[in-house]
Each structure stands twice: as C-alpha cells, then as structure tokens.
Amino acid sequence: MEKFVQLVVDGLSTGSVYAALALAIVLVHSATGLINFAQGGMAVLAAYVAWVLTNQGVPLVLAIVASILFSFVLGAVIERFLMRRFERGDPDTAVVVTVGLLTLVTGIAGWLWGYNNQQFPSLFPLDTVSVLGVSVSIRSIGTTLVIVVAMVATQALFVGTKLGLALRAVAINPQSAAYSGLPVERLLMVGWGIAAVLGAVAGALVAPQLTLTPGMLDNALVYALAAVILGGLTSPVGVVIAAWLIGVLENLAAVYVGFIGFDLKVAVPFILIFVVLIVRPQGLFGRKTVVRV
Amino acid sequence: MNRHFGSRKAAGIAAVSALALTLTACGGGADSGRSGDAAEGAPSPGITDDSVTLGITTPLSGATAGPGTCTVAGVTAYFGMKNAEGGIEFGDGKTRTVEIEALDDTYDPQQAAANYDSLKGDVFAMTAGLGTPTNRAWREAAIADEVPQALIMTGDPIFSDTEESPWQLGFVPIYQNEGEAFGELLAGSSADHKVAILSQNDDFGEGYVEGFKSAVEGADNIEIVQELTYEATDTSVDAQITELANSGADVIFNAMSVTPLTISALQKAQQLNWKPNWFLPSNTSSPGAILQPGGAAAFPGVYSVSFAKAPASPAFAQDEDVQTYLSALKEYGNYPEPPAFPHCQWSWMVGATLEQAFMEMEEPTRDSFMEALRGIEGFEAPLMLPDTSVSTTEAGQPAVSTVVVQKYNGKGYDTVESFE
Amino acid sequence: MASSSKTSAPTTTAPPPSATPSPASSFRQSPWVRWGAPLLLVVGLAVLPLIGTESANDTLARIGVFAVAVLGLNVVMGYTGQVSLGQIFFLGLGAYVTAYGVQSGWNIVLVFVLTCLIPAVAGLLVALAAARLGGLAIAMVTIALPIVGVPLAKRLSEFTGGSQGMSARFVEAPEGSGLYDDQWQLYLVLVIGGIVFLLTYFLVRGKYGRAFAIVKGNENVASSMGISPYRYKVLAFTIASLIGGVSGFLYMVVVQYTSPETMSFGHSIELLVAMVIGGAGSIVGSILGGVFYVVVPDLTNAIDPSLTALLQGALLLAVLFVLPGGLVSLPRAVMRGLRRSPAGRGSAAPPTTPSSTTGSGTAAEPTETERQGSA
C-alpha cells in the first residue's frame, strides 16, 4: 500500500512536468487555433537566459522574471514576424513552421551554449517531507503548486476576463472578430506572448530536474501533447488533470500490469486517449465544437 | 480510374522502360574500377605524402550530441596539437599532418550510412564515431569496401570480433567487461549482498547486466532481488527507484547512460531514504557533472569503472597529461569548457592510439594501417590510469579491455581492490 | 478548421482545365508534349544510374526511398486531409519484414509481397480504430505508432535483433549485367518507386482521388453525397501504410540495415515536414519532399557539421516563408511574380494555401479569381 501511494505521488510529480508544457501549448491553441511544437524549445531558450543571468550573479528569482519578460517579447516577435504569414493558410503548413522553429531554436541553443548538461538552480530545496510513510520532496510540492496557480490563472484569464474572451474570439474566427472591432493582430501577439511566458515558467520549474540541455523538453513534448488532447484543447484545468492522470497511470501500469512493464508504459497515455476520445470526442474537459457545413 | 488516359499509355511506358533497361544493362559494362582493387602498395585514398585525412560520423545534434561532440573534439584536439608540432612521422619515413572530417548523423543509422558513403572516397580511415546502430549501419559496407572503421566508441562486441569484423576495431571496453569488473569486486566481498538492477533497455544496458551476472554467478553471497529497465527517452525513473527501494537491496547496479536520469535517480533514492552502494558505468560517473549534483556523498559507496583520468577530479588537477589535454581541447578542439563527458578523454586517447599505428605502418595503404593497428601492445596512452593500457592483439577484445574499479571519495575517485 | 473553401489551382501535372485554355495548357495538350515528356522522363531515368558517380547514385536512391514514404503520407494527409504522424512506423515495419525475410532465406518476391501486405494490414487495423476520430485525435493516435513501435521493436528482439538492429545485404548486381551494386540499387528504386508513383497518380486522379478530396474538403458534404468519410479514410490510411511498407523495402535495398532508431518519432515529424515542404497533395511535391529529406542534412553537413540543427531550421523556415505552398509552387510563384511586376505590385505576394486537391478545372477556377480578388 505504501508503495502504491508512493507511486501515485511520484506520478503526480512527473505529471507536473508534462502539465507545465501542456498549459503553454493549450494557451497558444486557444489563442490561435494552432499546436505549437516549438513551445518547448522556446521554454528552453528562456531557461538558458535565466541560467546565463544567474551565472552573472543575478538572484534566481530576478533571473526568472527577466526570462519571463524575454519570453513575452520573443513570443510576440515570433508571432508578428514569422507566424502571421501562415495563420490564415493551411494549418498543416503552420504546424510544420513551428517544427522548423523548434529545430532552429534548439540549434541556436546548441550553438550558443553547447550540448553539455548544465545545472539549473532550483527555486525549491530538495529536502523531503514524509507523510504517512510516503516521501515527497519540497521541490515536487513547489512545482505542483506553481502549476496549479498557473492553471487557475489561465482558466480565469479565459473565462473571466475581456482579454481572454477576445483571444478566444480571435482563435475561433479571426475575420468576424476583426469585423466586431477587435484588434486581431495585437491580440494574436499577446496570445503568443502569454503562452511563451507560461513556457518560461515551465522551463524554470523543470530545468533543475531535467538539467539544462538544448533538447531538454523534447521527450516531454509527446506527453504534453497527449495531455492536451486528452484533457480537451480548450480547458487549462482539464489539461493539467490529464497530465497528472497520465503520470500516475503510467507508473501504476508499469508496476502492476505485467505485460506493459517499464518499456511499454509509454503506450498508456495513448490507450487512454483512444478510449476517452471514442466516448468523448472533445476530450475529458473540452467543449464541444460545432462544425459548420 | 481516368479511362482516356489509362491503360494504353501505361502499357507504352512499361514497354519503353523495359527497352531502356535492356539497353542500359548492356551498356553498363564499359565502366571500370568503381571501388576496385588498387595495385599492390599504391597509396589508398585520403593519404598523400604530407597529409592523411580521417573521417568521423557521430551525433553532433539531437539527444546524444553531448557525448557525440566530445568524440570529435578529443581526437581533433590531439591531432591539432601534433600538426602544430609539425606532424607525425609515419612508418614509411614520411611526415604527415592529420586532418579530420567530421559529419553529423544525429544518431540516425540511415544518415550515418550516408555520411560514410560520402566520406569513404576521400578519407583514409573512419574513426571515433559514437553509437551502436550508427556504426552497425555501415559495418558491412566498410568490410566490402575495405575501409577501416577503427577505434569507434561502442561497446558492442561485434566490432571486436576479427572474424566477423576484419576492418573494424572498437576502442572502449565492451559493456560486458565493465559489468563483469564490478561483479567480480562484489563477489569478493566478505559480506552478503542483495542487488537491485536498473538498466537501460538496449544493448548497452543488457551488456552490462550480462557481464555482471556472469561474474556473480555461483557466488553464494550475492542475491539479485529485483531487475527493472528504463528507456533512454524517459523523463523520469522515480517509479523504478521507488519500486527497487522496496526490494530491500543494499547494492544497486545501475547501467544508465543518460546524465539527467542518473542525477535524479541518485536524488530520488535519497528522498526515499534508501542508501545502497551504487554502481555506475564509466560514461555516467563524472564527479563534477553527475555525482556532485546528485549528492552522491550520501551513499556509503559509489563505484564505477574507468580507464581514463577524470580531469575534474582534484587528484589529477595538477597532472601533466590532464593539463596538456585541457589546453589542447580548448585551443584545437573548439571545446572551451571542461568536458562533462568522458568521451572527450577517450577520443583524445583514440588520437594517441592512431598515432601509434601511423608510426608503425610501412606503406601508405589501408591494409598496412590495419596491420599496424592490430599490433599495438601495452601502450599506455595519455590520460590512462595505472594498470590499464591499449592492447589490440587480444582476439575478441577492443583496444581497451582492462578497467579498474573506482570508488567515489566525495571529490574524485580512488582505485579500489576490494569491496568494503 | 475552416478548410472547406480551400481548393486551389491544379498543379503542373494536373490534366488541363477544360475552360479558358491558357497558352501554357494548350502547350501541354499538344500530343507531342503529352507523349514525349513522359517518354523523355523514362529514358532519362533509365540512363541516369549509368552516368552518375557512386555517391550521386546513392543519394538519388535514398531520395527515392523517402519520396515513396512521403508519397504514402500524401495519400492520407495531402489528398485526404487526415493528419498522420505515424508514417515512419510503416517504413520501419516494412524494413523489419524485409530484413527478417532475407535473413530467413525466403524468396525475395515473397519478401516483397509480405513487405506490402503486413504494413497494409497493420495500417488497416489502426485505421479501423483511428478513423472514428477526427482532427487532432487522429494525429495523437498515429503519433503513438512510432513512440510505441521503438520499445516494441526492442522487446521483440527475437525477430528484430533488438537495439543492435538487423543487417541484410541482399541487393547485388546480377552476374553478367556489368552493373555496379549502386547502379543496380538505383534501378530497383527507380522501377519499384516508379510503379508506386504511377499507380498512386492514377489513384488520386481517378474516382477514389475525387472522393478523397471531397472527404478532405468537408465530411458532411461527403456524407450527403453518399461518400462514407469513414470508409475512405480507412482506405487512404491503408494505402498510405502499404506505400510506407514499400518504402521500407526500398530502405533495406539502399541502407541495408535497420534498427529501432529507424522508426523514431523524430523521423516521422521529418517526413511530415518533407511532405509540406515539397507540396502537400502533389505527386511532384512528394519527390521534392524526398529531395528535401535527404539533401538538406547532407547540405548542412557540408556547410558546418556542428550547426546542422540551426541551419536546417533556418532553411525550413526560409523555404516556407517564401513558398508557403511548398517547393512545388515555385513555378507558379515565379509566374505570378512575372505577371505582377509590370502592374507595379510585385513585392507583397499574398500567402497562398495550395493544399491542392485533385479538384477539376471548374472547381479550381473560382479559387483563382478569389485569390486575385483578395490580393
């Protein structure tokens, strides 16, 4: 039993890594209707910026704040000067452009900082607390808390603010949004900027555990995408819960389901997606979209 | 199907292509000499009277770019230094400089084979590339073309089998040797031990485990209580460590090649208050890049096997070999920071070993080179630890087959003779 | 996804539109051109392996391998509009079937047939389940194929050789042909790949191709026309898998080695990139995609091997920025540029969206005017 609970706690902590990236992906999707493969790469770039600053003696929190500002500008600039050309075109082309962006950003990080694994200081200590025989690190708790805060903030942004409503209107139909007087172009830049900010937070949270390398988030990307689809593309809360679910079920399946084991546990999120989407095509928490003929 | 465009035309095209094929099949015989046998003693491609060119295909981008970059940097630095001194005097009496042509294969076998194809006409020999599948992809082609695939960075035993791989030679110890060395140490312990195994799910992990098991087989003080694997693409091994911690093992044999996972495995075990003796392979045992951030001092003993001096270890900070190496790496290897991967050191040793072969080869041919390469015995390459050496004469073994077991002392490593 | 109105002008290989023939299309209608051009192409391809150097032949052969893989992806994605991120899995499966068959000493024709059948059946089974989902869900189910395929290949090491992979050198120029191995390999790729391209060409120009296009355009419309989107999605996916299997056979002809890395997720994404860069929904675009897939890594290696990722990313973005419709739209973009410049509005070309379908001439006409209207 103790092992079971420990595995669940471990899964939650791993799931938080996926959730961090998934939140940023969902935000861009909500604001632009696009899956951004480069979200992880941009987050890594932000983490490098923070890392360079801490190496210059800047306190960690300030360095992260600086990297967040950097990311906002970066996201907005990428939207304005790269993505805008593809936003009204073929969606497949736009996705491939984000793949190209991921390759480019990874290449730039490798060129500037090399491929060595760099130690990134953590906001939270690695000390452990023990509750009922289950141990969990302060770092995991802190990471999870920050993600919950980010999730609530994102959800509130979309549901409770004018900006959020405007962003969603732009994503659903840019043309009618423009007719109703919304500054579509500026909104798109802001949407990308906010998503990049979330990415920067994600990068700073997971870099201490994954160690900083240009490809740090490549392996997490697939899980994050799975969480995005499973949770429903429109729901920040759903996506975070889906990420945790994936982390936990993956661990439990590996340990308790003989034929899956640790080598095939990566299949778990996809089996889950398939089963869920057959029953609920809009994902666990997503809203139904109406297809017009 | 589009009728008016359909069958008649298809038939016509088929007939024409058949005709063309017949014609060309007849005409093809006129060509001559594609990778054909050169006259006896004539120089092989890639070597002139004053220079020789070596080729490398290795991952320089992607997930394995860290160690991959090192495999190029070390040997480039070594020959950069030698070239600056005027070059190397070969066995035929001529002094040559050594040039390196390295290509990125991103750990993709298809790209590695393509890189080999594009290099083979210009280079004298291929060397130093990292990876099992990326070296296997063109192994048979290299045999057919009689191109040396010398001193490569994989512990796959096939490259050290002279029968199967006449034009190949691995550099680093086969994985089995490393696992076996630790197994022997543990079997010689006076106490009883329960061992948990966590290994990478590929030939790397399997090789280590196989060697370890063969060494502890029959030792009645050793019991393997649990065995788990992980994938090199995993983002976490927390669940594995949690499960192994429950097994009550006092030793963990951890055949892992991924830097962040090794660090987090060490950290996770401490969080669970599980403090076994820990075994790590040679490529993930860097004191500065892995053990220190992983808090390895908390464990009663962290053991590894090695044959190269760790530059980050204080014991070697003043070592002359290490100083020469680090400054050459910076100056000629385009590698400004102290390396976090031992592959840089290994690649440097590959350079020194190649130099030995060059000094012995009497003709500027690939045949003569392979003969010289297979005749090196007891060569103490720079950066080598005492009691290890390069020997290429032993059948079935790579250039380096001896390793020493070392124990972490909080800063660097000490060689140990027995398990305490 | 508001892609219902996105049909566009036919590609250069399309049958000429019946209405308002332009000079170019009447040129294409001339019998000399209609018969001469393919003939010239075939003769050119037949002579090609004889004049190339060994490394040129090798590069061409690898282009052929990946052009076929991209073509398969185009059938399901470019023509039918279903996002598939799993195409590399079928290439890998085909390569493993070939390697296993060759190592077991089976007849090579049987091996080839199995290389077509096994991936096709695997694709059919996946499609029966996946085609029930739409949009991004299908992408996630297909993404799982390479991601689960890699550990699966390692687990089934009895058949796959585990992480050490499998070699199979079975293609040697026949005795007496006087050909070198690289020439013979290229011929095999040209003949097998050529047949696959030809069959696919007829497929997408014909009845099925039109049905694919309608499913891609709007599934509800398709249903109302009595075309079952589900059935045609399954069909397209199965054909794509079969073609993927053939490309796996060709992969073994050329590379002669396969391992779990062959089907890694990253390569699947690279195939998608190649498809879009070449030109989605285009036969010629598939070939250009194959060229991009193979030549760009070689090119970036030649420029600076330590900067390959940076250079590849920059190149990809540059190509799409200039040609959002892929390389296949280059002639059209140039023509438009020429037509525009006298009128003094040559600089700002509008973003084009040639997710070109096999739309007939009449369907293409309004789009052309639409685009001019929006410029």
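What percentage of the contacts in chain B with a separation of 6 or more is accounted for by residues 24 or more positions apart? In this predicted model, such residues account for 71% of those contacts. Chain B has 420 residues, and 59% of them are buried. Its secondary structure consists of 13 helices and 13 strands. Taken along the principal axes, the box filled by the C-alpha atoms of chain B is roughly 75 × 70 × 40 Å.

Chain B also touches chain C, in a contact that takes 38 residues from chain B and 41 residues from chain C. On the chain B side, α1 (7-27), β3 (95-104), α3 (109-119) and α4 (132-136) each supply at least two residues.

In soluble globular proteins, nonpolar side chains tend to be buried together. Here the largest nonpolar core holds 346 residues, and those touching the most other members are Leu21(A), Ala22(A), Leu23(A), Ala227(A) and Met140(C). Helix α8 (residues 184-210) of chain A gives this core its largest share, 18 residues. Chain B takes part as well: domain 1 (51-173 + 316-400) and domain 2 (176-306) each contribute at least three residues to this core.

Leaving aside residues up to four places away in sequence, Ala227(A) touches Tyr18(A), Ala19(A) and Ala22(A), together with Val239(A), Ala242(A), Ala243(A) and Ile246(A). One of these contacts, Ala22(A), is itself among the core residues that touch the most other members.

Definitions and conventions: Residues numbered from 1 in each chain as written. Chains lettered and ligands numbered in written order. Predicted model: local features only at pLDDT ≥ 70, side-chain atom pairs only at ≥ 80, totals over all residues. Core = buried A, V, L, I, M, F, W, Y, C linked by C-beta atoms within 7 Å. Buried ≥ 20, exposed ≤ 12 C-beta atoms within 10 Å, placed from the backbone. Helix = DSSP H or I, 4+ residues; strand = E, 2+ residues; numbered from the N terminus. Domains from an automatic or database assignment. Contact = placed C-beta atoms within 7 Å.
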